Amino acid sequence: MEDAPPLVSKQRSQLVCGVPTQVVCTAFSSHILVVVTQFGKMGTLVSLEPSNVAGDISKPVLTTKVLLGQDEPLIHVFAKNLVAFVSQEAGNRAVLLAVAVKDKSVEGLKALKEVIRVCQVW
């Protein structure tokens with residue numbers, strides 16, 4: 001019998017809005033790590049933790065916390081919109097997002113979500 005690998009990881013390089021972008025997704029036992037970079041570095045590290053709202057356990061709320069880097073309101077909004085689907089599809093697991101991107105537009109966000117979806121490890 002083969003043992004499952006301790007880590008499952010996928011990566012993808014693609015042009016997003018004309019900018020070379022690398023995405024790496026790694027599944028750990030309790031978290032999903034998503035790295036999205038257009039600079040070749042990890043950038044800002046954001047933790048997204050699901051927490052249940054009283055009376056509605058079907059839709060947990062994601063609480064964001066910047067662990068490393070600039071703690072700006074746009075980063076929290078961008079992080080939630082970029083990887084909320086990852087947490088939901090992974091059974092409401094926590095997500096660690098490392099993000100260093102030039103373009104935080106809605107079009108760029110949608111394109112990045114599609115690249116992350118290709119790297120699905122959950």
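User: Which residues in H1 are buried?
Analyst: This is a predicted model, and in it the buried residues of H1 are Ile 75, His 76, Phe 78, Ala 79, Leu 82, Val 83, Ala 84, Phe 85, Val 86 and Ser 87.

User: What should the 17 residues of H1 span, and how far apart are the end C-alpha atoms?
Analyst: At 1.5 Å a residue H1 should span 24 Å, and its end C-alpha atoms are 25 Å apart, so the two agree.

User: Where does H1 bend?
Analyst: At Val 83, by about 50°.

User: And what follows H1?
Analyst: Gly 91 follows H1, and its phi is positive, near 75°.

User: What is Ala 79 in contact with, leaving aside neighbours within four places in sequence?
Analyst: Val 46, Leu 48, Ala 84 and Leu 97.

User: Let's talk about the core. Which residues touch the most other members of the largest nonpolar core?
Analyst: That core has 31 residues, and the ones touching the most other members are Val 34, Val 36, Leu 82, Val 83, Leu 97, Ile 116 and Trp 122.

User: Which strands and helices each supply at least two residues of this core?
Analyst: On the strand side, S2 (19–27), S3 (31–37), S4 (44–53), S5 (56–68) and S6 (94–100) do, and so do helices H1 (73–89) and H2 (106–118).

User: Which one gives the most?
Analyst: H1, with eight residues.

User: You listed Val 36. What's it in contact with, again leaving aside neighbours within four places?
Analyst: Quite a list for Val 36: Thr 21, Gln 22, Val 23, Leu 82, Leu 97, Ala 98, Val 99, Ala 100, Val 101, Leu 112 and Ile 116.

User: Switching to aromatics. How many aromatic pairs are there?
Analyst: The count comes to one aromatic pair. The rings belong to Phe 85 and Trp 122, with centres 6.3 Å apart and planes at 70°, so the pair is edge-to-face.

User: What parts does that pair tie together?
Analyst: Phe 85 lies in helix H1 and Trp 122 in the segment after H2, so the pair links parts 37 residues apart in sequence.

User: Are those two buried or exposed?
Analyst: Phe 85 counts as buried at 9% relative accessibility, and Trp 122 counts as buried at 18%.

User: Now the threonines. Where is Thr 26, and is it buried or exposed?
Analyst: Thr 26 is in strand S2, and it's buried, with a relative accessible area of 9%.

User: What does the Thr 26 side chain make a polar contact with?
Analyst: The side chain of Ser 9, at 3.0 Å. Not counting residues up to four places away in sequence, Thr 26 touches Leu 7, Val 8, Ser 9, His 31, Ile 32, Leu 33 and Val 121.

User: And Thr 44, buried or exposed?
Analyst: Thr 44 is in strand S4 and counts as buried, at 12% relative accessibility.

User: What does Thr 44 touch, not counting residues up to four places away?
Analyst: Thr 44 touches Val 66, Leu 68, Gly 69, Gln 70, Ile 75, Leu 97, Ala 98 and Val 99.

Methods. Residues are numbered from 1 along each chain as its sequence is written. This is a predicted model: local features need pLDDT of at least 70, side-chain atom pairs count only at pLDDT 80 or more; totals for chains, interfaces and linings use all residues. Side-chain values use heavy atoms; hydrogens and water are left out. A nonpolar core is a set of buried Ala, Val, Leu, Ile, Met, Phe, Trp, Tyr and Cys residues joined through side-chain atoms within 4.5 Å. Buried means under 20% relative accessible area, exposed over 50%, partly exposed in between (1.4 Å probe, protein chains only). Helices (H or I, at least four residues) and strands (E, at least two) are DSSP runs, numbered from the N terminus. Contact means heavy atoms within 4.5 Å. A polar contact is a pair of N or O atoms within 3.5 Å; within protein, one must be able to donate a hydrogen and the other to accept it, and residues adjacent in sequence count only if both atoms are side-chain atoms. The expected span of a helix is 1.5 Å times one less than its number of residues. The bend at a residue is the angle between axes fitted to the seven residues ending there and the seven starting there. Rings of Phe, Tyr and Trp (its six-membered ring) pair if their centres lie within 6.5 Å; planes under 30 degrees apart count as stacked, over 60 as edge-to-face and the rest as tilted.
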